[in-house]
Each structure stands twice: as C-alpha cells, then as structure tokens.
Amino acid sequence: MLTPDWYREATRSFQISDCHRYFGSANVIIIIEVPNQINKLFLRLMDQGLQNKTVLITGATSGIGKALAERLLQQGAKVAVCARNEKNLNELKMSLNHPDLFIIQSDVSIEGDCKRFVEEAFKRFGRIDVLINNAGISMRALFKDLDLNVLRQSMDVNFWGTVYCSKYALPHILKTKGSIVGISSIAGYKGLPCRTGYSSSKFAMQGFLESLRIEMLHEGVNVMWVSPGFVASNIRNTAMNASGSSQAETPLDESKLMTAEECAARIIQAIIQRKRTMVMTVQGKLTVLINKFFPGFADKMVYKHFANEPDSPLKK
C-alpha cells in the first residue's frame, strides 16, 4: 500500500486546475503523471524482492550466470553456483568476494553432480527458494556434417541438466513456494539452421518446464522460462563445431548485443513478478510473433539471417 508521504511526493507538482481543464477529473491526470514515481518505488521493491532468499544458479562463471550471481548478491540474496571448471569458480569467488556466495564444482550433465549441488547448497543455507537453470552449451554445424555426440552433449547439458537440478531442488522449492527458472533461447521457439542440437535441447527444455509449470499450478511454485535473444556472453566462443571442438570465436559483433548485466536485471525482475515466460529483444519478439502466424515466411527470414553470418556453414 502506498504511504501518505509517498502519495504527497508523487502528486506534489500536480495542478488540479490543469486536471479539470484537460480531463475534467483529477483522478485521470494522476494515472498519467505518476509513472515516474511509481517506477522508482517499483524498482526499490524489486531490489528487495529476493533479499535473504537462497538462489541456486548453474553455469555461473561467465556471461548471464555471473551477472545474475553478482546482482543477486548485491540485492541481499544468498547465492550458490556451480560450474564444471573449478579454476573459473575460484576466480568468480575471488572477484565477487562475498560471504553469501557458495561455489561447488559440478557437471550438470551428470545426475549425481546435480544432486550433490542441491544437497550441499541446502546444507550451507538451510533453504532453497529459486533454481535458475542457466548452464548451457551451443553448437554450429550442418546436421549432415555433425558428429551425433555433439547433439547428445547439447541435450545432456541443456535439457538433462535442467531436469536433474529441477528434480532434486523441487522438494525444497515446494516448501518455500519458490521458483524454477530455465534460461532458454529463441531457438526454443524457432528451429535455427546449423543449431539442430541446440534448438532440440531448448525445445525439450521448454516442453519440460511448461509441463512442470502446469503440475505446479496449485502448489505455489512458479515455473518460468526466459529467452534472452542475442546477449553478449561466452556461449558462442565455446559453441561446438561439427566434430565437437570449440569454434573458439563468435560469428557476431558482441559489442552490439544486450549486455549480460541488463539481461540479468530483467530476469531477476521477472522472477520477482513470477512471470510465466519472457522473450527479450525486439528481434526475439518479432521472430516468435512472425513464426506463430507466418511460419513459412519465418523459415526464409531465419535462413537468410544465418546465411549472412561470417563463415556460415550454410554458404558451404
């Protein structure tokens, strides 16, 4: 509820005579002119929304995951992160240098590692409120050239990693009435050429999360998936080629993409608001919309986009 002090601050510049001159009612002008004040209050509430909550993040040593961990710690959350690379985890711990950050080396493609991550995080903090399934791996190659192990690895990390962590975190999240979040992709809405493994894994992730969401409708648990679009991160540098090796460089100009920090801020806001889904960027929203009503046109549009990438496999 808005306090009288806040209300006076929000309305102190209003001229009642102007309200009646333009709209005939003071109530109408309040709805129109208050947004800046409401937005400031809303942002303050957002910053407090996960304070003292325990959030688990997979794949948090770079990009979106790292930005999420840093911002959540700033907002007063207790954060547990896991990743495969122990060196990167230790560097993260030193760079953030926060007492409420817990790190553990885990490979989300291994069920036992996911179970251990959840158990150790619960042991450290005594509760689990939010699980963010962020760990992911991409790939870039034509299916006809692809070693099938690349597709399997994509599914193991992106899909099964989400399933394993969600399975072991769910009993705790049921108790706290918290949230399970999947960091998906536009590739989970629209099949992308040269990304058969990646798109397959993201479609599977979203199908799993949507089914789980419906199961949880009356249990007080929110299940959400987020499609960031193109965000500046390390995922394209580490994307697998046809043989499974890292392509080592990104085909995009990362400086022109949404920052990981902005993406993290939007995700946290959506978690607090307990949204169902969130698609970021104009390009992402247009792709989903056009594909829904004009899928044939979307096919051609997507092909053209990816054919114009530097060293696109579609040109070979």
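In this predicted model, the axes of helix H5 (residues 63-74) and helix H10 (residues 260-273) cross at roughly 60° and come within 8 Å. Helices are DSSP runs of H or I of at least four residues, numbered from the N terminus. Local features need pLDDT of at least 70, side-chain atom pairs count only at pLDDT 80 or more, and totals for chains, interfaces and linings use all residues. Residues are numbered from 1 along each chain as its sequence is written, and side-chain values use heavy atoms, without hydrogens and water.

**Helix packing**
- The crossing of H5 and H10 is right-handed.
- H5 contributes Gly63, Ile64, Ala67, Leu68, Arg71 and Leu72 to the contact, and H10 contributes Ala260, Glu261, Cys263, Ala264, Ala265, Ile267 and Ile268 (contact means heavy atoms within 4.5 Å).
- Ten nonpolar, one polar and two charged residues make up the contact of H5 with H10.

**Cavity**
- One cavity of 30 Å³ or more is present in the structure (on a 1 Å grid, a set of points where a 1.4 Å probe fits but cannot get out).
- The largest cavity holds about 40 Å³ of space.
- Its lining consists of Thr58, Val108, Asn133, Asn134, Ala135, Val157, Gly161, Thr162, Cys165 and Met205 (lining residues have an atom within 4 Å of a point).
- Helix H8 (residues 148-176) supplies the largest share of the lining of the largest cavity, four residues.
- The lining of the largest cavity comprises five nonpolar, five polar and no charged residues.

Note on methods. 1 Å grid on protein atoms, 1.4 Å probe; cavity = no way out; pocket = protein on both sides within 12 Å on 5 of 7 lines; lining within 4 Å. Points joined across faces, edges and corners; volume = space filled by probe spheres on them. Helix = DSSP H or I, 4+ residues; strand = E, 2+ residues; numbered from the N terminus. Nonpolar A, V, L, I, M, F, W, Y, C, P; charged D, E, K, R; others polar. Axes fitted to C-alpha atoms, helices over the stretch in contact; angles between N-to-C directions. Left-handed = near helix turned anticlockwise from the far one by under 90°.
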